[in-house]
Amino acid sequence: MEIANSQSSSLTPKIPNKKLLMGNEAIAHGALESGVSFATGYPGTPSTEVIETIARLNPEVFAEWAPNEKVALEEAASVAYTGLRALVTMKCVGLNVAADPLMSLAYSGVEGGLVILVADDPGPHTSQTEQDDRYYGKLALLPVLEPADVQEAHDLIKYAYELSEKYKVPVIFRTTTRVNHTTADVEVGEFITLEREPKFNKDIPRYVRASMKGNLERHKWLNKTLKEIEAEFEDLGFNWVEGEGEIGIITEGAPYNYVKEVVPKLGGGFKILKISTPHPLPRKLVVEFLKGVKKAIVVEDGGPFLEEEIKIVAYEEGIRVPIYGKHTGHLPLEGELTPRLVKNALLKLLDKEGEEYVKPREVEEAENLAPSRPPTMCPGCPHRGSYRALLDALRELKFKKDELPIHGDIGCYALSLLPPLEAIWTEYVMGASISLANGQSIAMNKKIIATIGDSTFFHNGIQPLVDAVYKNLDVLVMILDNRTTAMTGHQPHPGTGGSETGREFNEIDIEALVRALGVKYVKIVDPYDLKATKEAIKEAMQVKGPAVIIAKRECIIPVLRRGEIGEIPVVIKDKCTGCKACALLTGCPALVFDSETSKMKIDSLICTGCGLCEQLCPFNAIVYPSKK
């Protein structure tokens with residue numbers, strides 16, 4: 001398939017000078033204004049909308065999802081090797097998956113600009129961890145840029161491409177949720193055309209990591225390049241000093257906005273150094289700033305990365321200015337910063353912990369005034385049927401509650417950990433459900449269960465299933481195939497054959513793939529059919545060695561968007577005893593107990609007609625009107 005490396009003038013969108021954009025949309029605009037030819041990644045909040053926006057704004061650009069972040073980075077790197085500009089996007093934990101190629105890519109470098117957008121999630125709001133990916137820049141010896149707001153996200157990514165091509169290194173573009181998902185007016189430009197002929201030159205010492213001497217030389221080159229980049233950062237317009245005072249504040253990213261909000265309320269007296277280049281740190285700029293203050297505090301989201309780097313610089317330069325931050329307890333090591341937390345830290349620095357100061361725990365309580373609402377599976381979610389059938393099958397096989405481990409994975413189905421299902425025991429990293437089942441089947445010498453979504457299976461579940469077949473491990477793998485990457489907004493994946501830009505792709509048949517791996521027992525079930533799904537599980541549990549059940553039913557959200565809702569059942573009041581079994585067994589929010597009548601009722605506004613409650617009612621009190 002050809003990659004578009006040029007755009008005709010007739011295809012170039014005419015963009016107004018100013019647009020209201022989300023941070024991710026602004027990043028997409030900046031990439032297109034830089035002439036990006038290839039954009040890929042794996043969907044993950046808060047990064048997802050970047051690829052979707054590029055695909056929407058200019059379908060001529062190859063903007064499509066990859067099976068996982070490692071594949072995405074390797075494909076983007078190969079495009080950048082040819083001189084074209086490429087973008088790869090992922091959420092914070094995605095860089096762990098791509099870390100292997102990242103390290104080698106730093107040594108080989110690139111020809112065309114390559115930006116690696118990694119969206120960190122302080123909080124965390126939608127992630128397993130509060131991982132701070134600035135540390136990858138230090139580990140890989142690569143420059144890291146971080147925007148503070150939506151406009152800067154647009155402008156800084158354009159600079160990132162210039163930086164990448166000037167020094168021939170990939171650039172890590174670190175964002176956080178508050179920048180990715182904030183909306184603001186953004187000054188934008190025109191999408192540009194880069195008339196480049198892709199060409200890849202043979203260069204063994206550069207591109208073959210098995211060349212030991214070449215590796216040493218490339219390491220020297222990388223260290224030298226990083227020092228040159230540091231020198232450029234000293235006078236970079238995205239780093240600046242503002243304000244006057246004897247107390248210094250060094251900040252970056254979204255917290256810069258909190259500093260700007262809080263400082264005027266404290267009467268001034270603060271000098272601020274705003275940094276957009278956490279690695280390599282512009283040492284001279286930092287040194288000059290520290291020399292002009294009596295004490296300083298570092299305000300940053302994530303780990304104490306900037307604080308540690310600044311303290312190293314201060315020590316090496318013989319500067320004895322006290323530097324405060326997360327390590328000194330002025331700011332928390334966990335959680336997302338807020339203006340209130342920043343204000344607290346500055347009050348503490350001013351020795352004004354009086355009436356205005358709020359203790360950290362009280363801050364947390366004050367900022368979470370809204371009542372908590374636990375997440376739940378959507379009405380009609382097929383995963384609800386899959387787990388209900390699984391739990392019922394184990395009960396009928398005489399397993400006691402919580403006797404047999406059920407491993408979960410990353411996806412909507414992780415909500416099965418909540419009442420009333422309380423099914424999964426683990427949710428670790430993408431694809432780990434099968435690996436964990438593999439290990440415990442060996443350790444415990446019995447069949448262990450793994451549940452994994454279709455997109456997650458393609459992401460990182462195939463390899464552990466290969467190992468299960470190879471070693472003939474006694475595992476039951478339930479692939480919950482809802483025909484999309486639902487949790488991040490219904491992106492296509494290899495099992496759907498879909499495309500972001502309408503290109504024709506092949507659909508990978510999960511059943512055929514699993515059989516090709518050597519799994520002997522493979523069965524497809526409809527999770528809306530509880531009895532058939534339950535019987536298949538009971539049968540699979542008797543199989544010695546790996547068994548796979550594919551619970552196949554499309555996610556209800558796209559179905560509702562197409563208006564293909566099923567018939568809505570009704571409750572026969574004379575038969576309903578108010579036992580609540582339907583609700584207690586499914587947790588479906590469409591099932592409501594009417595306290596006035598002591599009967600169950602169905603909320604027709606949100607019911608999708610999946611039929612699970614009808615199958616589970618012990619008194620046959622739930623029926624479809626057409627079957628009365």
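**How are α1 and α2 oriented to each other: roughly parallel, roughly perpendicular or oblique?** The two helices are oblique to each other, because angles under 35 degrees count as roughly parallel, over 145 as roughly antiparallel, 65 to 115 as roughly perpendicular and the rest as oblique.

**A note before the views.** This is a predicted model, in which local features need pLDDT of at least 70 and side-chain atom pairs count only at pLDDT 80 or more, while totals for chains, interfaces and linings use all residues. Residues are numbered from 1 along each chain as its sequence is written, and side-chain values use heavy atoms, leaving out hydrogens and water.

**View A. Helix α1 meets helix α2.** The axes of α1 (residues 23-33) and α2 (residues 49-57) cross at roughly 50 degrees and come within 8 Å. Here helices (H or I, at least four residues) and strands (E, at least two) are DSSP runs, numbered from the N terminus. Axes are lines fitted to C-alpha atoms, for helices over the stretch in contact, with angles from 0 to 180 degrees between N-to-C directions.

**View B. Helix α17 beside helix α18.** Residues 432-444 form α17 and residues 454-470 form α18; they pack at an angle of about 20 degrees, with axes 7 Å apart. That makes α17 roughly parallel to α18. On the α17 side, I434, S435 and N438 make the contact, and α18 brings residues including F457, G461 and L465.

**View C. An open sheet of 5 strands.** Look for the order β9-β11-β10-β12-β13, with mixed pairing. Two strands pair if DSSP finds at least two bridges between them. β9 (240-242) and β13 (323-324) stand at the edges with a single partner strand each, so one side of each has no neighbour in the sheet. β9 pairs with β11 (residues 270-275) in the antiparallel sense over 3 bridges, and V241 has L273 as its bridge partner in β11. Helix α12 (residues 283-291) lies across β9, β10, β11, β12 and β13, at about 170 degrees to β11.

**View D. Two phenylalanine rings, F38 and F62.** The ring centres are 5.4 Å apart and the planes are at 0 degrees, so the pair is stacked. Rings of Phe, Tyr and Trp (its six-membered ring) pair if their centres lie within 6.5 Å; planes under 30 degrees apart count as stacked, over 60 as edge-to-face and the rest as tilted. F38 sits in strand β2 and F62 in strand β3, 24 residues apart. The whole structure holds 8 aromatic pairs.

Note on methods: Contact = heavy atoms within 4.5 Å.
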